[in-house]
Amino acid sequence: MTTEELIIAAVRVAGALLVLRWAFAGSLLAILIDFSDLFMMNLLNLGGVQNYQAFDKWLDLTYMATFLWVAWRWQGSVRTIAVALFAYRILGVLAFEALGSREVLLAFPNVFEFWFVFVAGVYRFTPGYEFTMRRSLLWIVPVTLLKEFQEYALHGAQWLDNYRAVDVVVDMWRWVTRSE
């Protein structure tokens, strides 16, 4: 493992731990920190990342494990759905590793991630909301559609593959501060 990979892994693991203290805010921070590797790869020059897609998928398991740890304490349908979605994503990561094709990730989207954030947000902001099985199944539809769109953008169409994260931020800053 390169020094760059070790630094990125340490940051991602530390970010994943936040969810253990703050389910909703920690999950949002863990996901933002998940994206930080795109910036670190642009800014660090310490040996590079050998196979980014595989490296990223394995590091995703750190925040997913903390999400699962918290979700395990939930009750009823939200817990059942969370555990099932986690297992489904693990199957997808294994299939991705076996086949080496990013398109596999379209068939196994990480809906677990979005489901966790959604439920943690509901628990945080409307603690009296009751997740019946019917309500949970109704909510899973838009959550799945949003995640599938993200997976398509990242792994199907690969819209972001030709961009460096730092360059995107710089270009956005220039556009926002442009005086005309």
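Biologist: In which helix of this model does G156 lie, and why is G156 called partly exposed?

Modeller: In this predicted model, G156 lies in helix α7. Its relative accessible area is 26%, and because buried means under 20% and exposed means over 50%, with partly exposed in between, G156 is partly exposed.

Biologist: What does G156 touch, not counting residues up to four places away in sequence?

Modeller: With those residues set aside, G156 touches L106 and E151.

Biologist: Which residues is R89 in contact with, leaving aside its neighbours within four places in sequence, and what does its side chain reach at 2.6 Å?

Modeller: Apart from those neighbours, R89 is in contact with K57, M64, L105, F108, P109, N110 and E151. As for F108, its backbone oxygen is reached by the side chain of R89 at 2.6 Å, and a polar contact requires a pair of N or O atoms within 3.5 Å.

Biologist: Turning to helix packing, why is α1 called roughly antiparallel to α2?

Modeller: The axes of helix α1 (residues 3-17) and helix α2 (residues 23-43) cross at roughly 170° and come within 8 Å. Because angles over 145 degrees count as roughly antiparallel, α1 is roughly antiparallel to α2.

Biologist: Which residues meet between α1 and α2, and how is their contact made up by class?

Modeller: From α1, the residues E4, I7, I8, V11, R12, G15 and A16 meet G26, A30, I33, D34, S36, D37, M40 and M41 in α2. By class, this contact has eight nonpolar, three polar and four charged residues.

Biologist: How many residues does the largest nonpolar core have, and which of them have the most contacts inside it?

Modeller: That core has 28 residues, and those with the most contacts inside it are F67, W74, L85, F112, W115 and F116. Two or more residues are given to this core by each of α2, α3 (52-71), α4, α6 (111-125) and α7 (133-156), and α6 gives the most, with eight residues.

Biologist: What is W74 in contact with, beyond its neighbours within four places in sequence?

Modeller: Beyond those neighbours, W74 is in contact with R79, A82, F116, V119, A120 and Y123. There is also a second, separate core of seven residues, among them V49, Y52, F55 and L59.

Methods:
Residues are numbered from 1 along each chain as its sequence is written. This is a predicted model: local features need pLDDT of at least 70, side-chain atom pairs count only at pLDDT 80 or more; totals for chains, interfaces and linings use all residues. Side-chain values use heavy atoms; hydrogens and water are left out. A polar contact is a pair of N or O atoms within 3.5 Å; within protein, one must be able to donate a hydrogen and the other to accept it, and residues adjacent in sequence count only if both atoms are side-chain atoms. Contact means heavy atoms within 4.5 Å. Axes are lines fitted to C-alpha atoms, for helices over the stretch in contact, and angles run from 0 to 180 degrees between N-to-C directions. Helices (H or I, at least four residues) and strands (E, at least two) are DSSP runs, numbered from the N terminus. Angles under 35 degrees count as roughly parallel, over 145 as roughly antiparallel, 65 to 115 as roughly perpendicular and the rest as oblique. Ala, Val, Leu, Ile, Met, Phe, Trp, Tyr, Cys and Pro count as nonpolar, Asp, Glu, Lys and Arg as charged, and the others, Gly among them, as polar. A nonpolar core is a set of buried Ala, Val, Leu, Ile, Met, Phe, Trp, Tyr and Cys residues joined through side-chain atoms within 4.5 Å. Buried means under 20% relative accessible area, exposed over 50%, partly exposed in between (1.4 Å probe, protein chains only).
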